[in-house]
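Here is a short note to read beside the model. Please keep the structure open as you go through the points.

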Amino acid sequence: MPKGNAFAEMVAGLDSGDFALLSSAVHERECREAVGFGTFADAASLYRPQPACPSCRAKGAWRDGHEESGLQRFRCRSCGRRYNSLTGTVLEHSKADMTAWIQFVRLMRFSVPLDATAEICGVSHQTAWEWRHRVFATVDGYQDRIVLRDRVWIDETYIVDTDLSHGFGQARKRGLSRQQVCIAVAIDIHKNPVAVVCGHGKPSSRRIRESLEPHIAEGSTIVGDRERAHNALVKAIKGTHEAYKADVSDPVYLERVAMVNNLCSWIKRYLWRFTGMEMKYLQSYLNWYVYLFRVKQASERWPETARVVRHLMLADARFRSST
Ligand SMILES: [Zn+2]
């Protein structure tokens, strides 16, 4: 006979209301031990102890009691607005608790598809979709701040736009290349990545320049295929060009482009997990990928789930429902 669990009988005897309470307390403790906080109020007191007024940005608001959930309430000294520690973040108005969000963030870190996420989190597909897009709202414009420097490897990768809403006949007429969405990808010697949507089909010199110029420091060395479309970019950043003939049997070529090739194939594998997503969100998926890439690089110093939740709490972002 296996050694009995002293709590098994007690737990089996609980009514459903008490069992739900016990279960939530257990989850809260698990989260607290794993990431350092178990409720929104815990995390808010760590990361948003004194948030600025969401209306007028004034600091030093009066403390104004607590919500039922334990969240601190504030009243702005200059405009009088009342708010709480989550106002102005994507977690505001969340009906679920922090433990559900921690679970969700873990699944999103591993790019778990939406239907699986919905089932594991015990929420509807629609809710899981909305949560995903709340998270995306926090990485809107995230790549705008990324500037690669010194040696920068660049390449393009393509994914098929399977969106059939254009109509089958029309899609065929537009030809195969028009159904390929181009993603311009770059990574520098410091392992900072960038991935931006660069229109349909093979990009022109102008499209490449417009997509990547804001992300590359002046004077950098651009390393890539011997691709004429890269010339305008090199000129725009006053950089130098190290072009290699695409030759997979040449070890020098392979070594030079391995880094960016890897990034392209990782991005493709990542995107394949979301087959059927709407193409209008492609840049959001790429922003999230680049964000996670950087979070992973620092994972030894900073546990990933805790860091992502902190990011969600600190980002002034709002989820806009597209419907
Ligand atoms: Zn105010």
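1. Terms for the sheet. Two strands pair if DSSP finds at least two bridges between them. Helices (H or I, at least four residues) and strands (E, at least two) are DSSP runs, numbered from the N terminus. Strands of a sheet pair through backbone hydrogen bonds, either parallel or antiparallel.

2. Ground rules. This is a predicted model, in which local features need pLDDT of at least 70 and side-chain atom pairs count only at pLDDT 80 or more, while totals for chains, interfaces and linings use all residues. Residue numbers start from 1 along each chain as its sequence is written.

3. The sheet. Look for an open sheet of five strands, ordered β6-β5-β4-β7-β8, with mixed pairing. Its edge strands, β6 (193-200) and β8 (240-244), each pair on one side only. On average, neighbouring strands are turned by 25° against each other, direction ignored.

4. One pair in detail. β4 (residues 151-160) runs antiparallel to β5 (residues 180-188), and nine bridges link them. Which residue of β5 is the bridge partner of aspartate 155? Valine 185 is.

5. Helices on the sheet. Two residues are in contact if their C-beta atoms, placed from the backbone, lie within 7 Å. Helix α8 (residues 205-212) packs on the sheet and touches β4, β5 and β6. The direction of α8 makes about 145° with that of β6. Helix α11 (residues 282-297) also packs there, touching β5 and β6, at about 165° to the direction of β6. Axes are lines fitted to C-alpha atoms, for helices over the stretch in contact, and angles run from 0 to 180 degrees between N-to-C directions.

6. A helix crossing. The axes of α3 (residues 40-47) and α12 (residues 304-314) come within 10 Å and cross at roughly 75°. Therefore α3 is roughly perpendicular to α12 (65 to 115 degrees counts as such). On α3, the contact uses Ala43, Ala44 and Tyr47; on α12, it uses Val309, Arg310, Met313 and Leu314.

7. Confidence. pLDDT is the predictor's confidence in each residue, from 0 to 100. The protein chain averages 87, and 91% of the residues score at least 70. Over residues 164-173, pLDDT stays under 50. Where pLDDT is low, the predicted coordinates should not be read in detail.

8. The whole chain. The protein chain holds 12 helices and eight strands. Its C-alpha atoms fill a box of roughly 70 × 65 × 45 Å along the principal axes.

Conventions:
Parallel < 35°, antiparallel > 145°, perpendicular 65-115°, else oblique.
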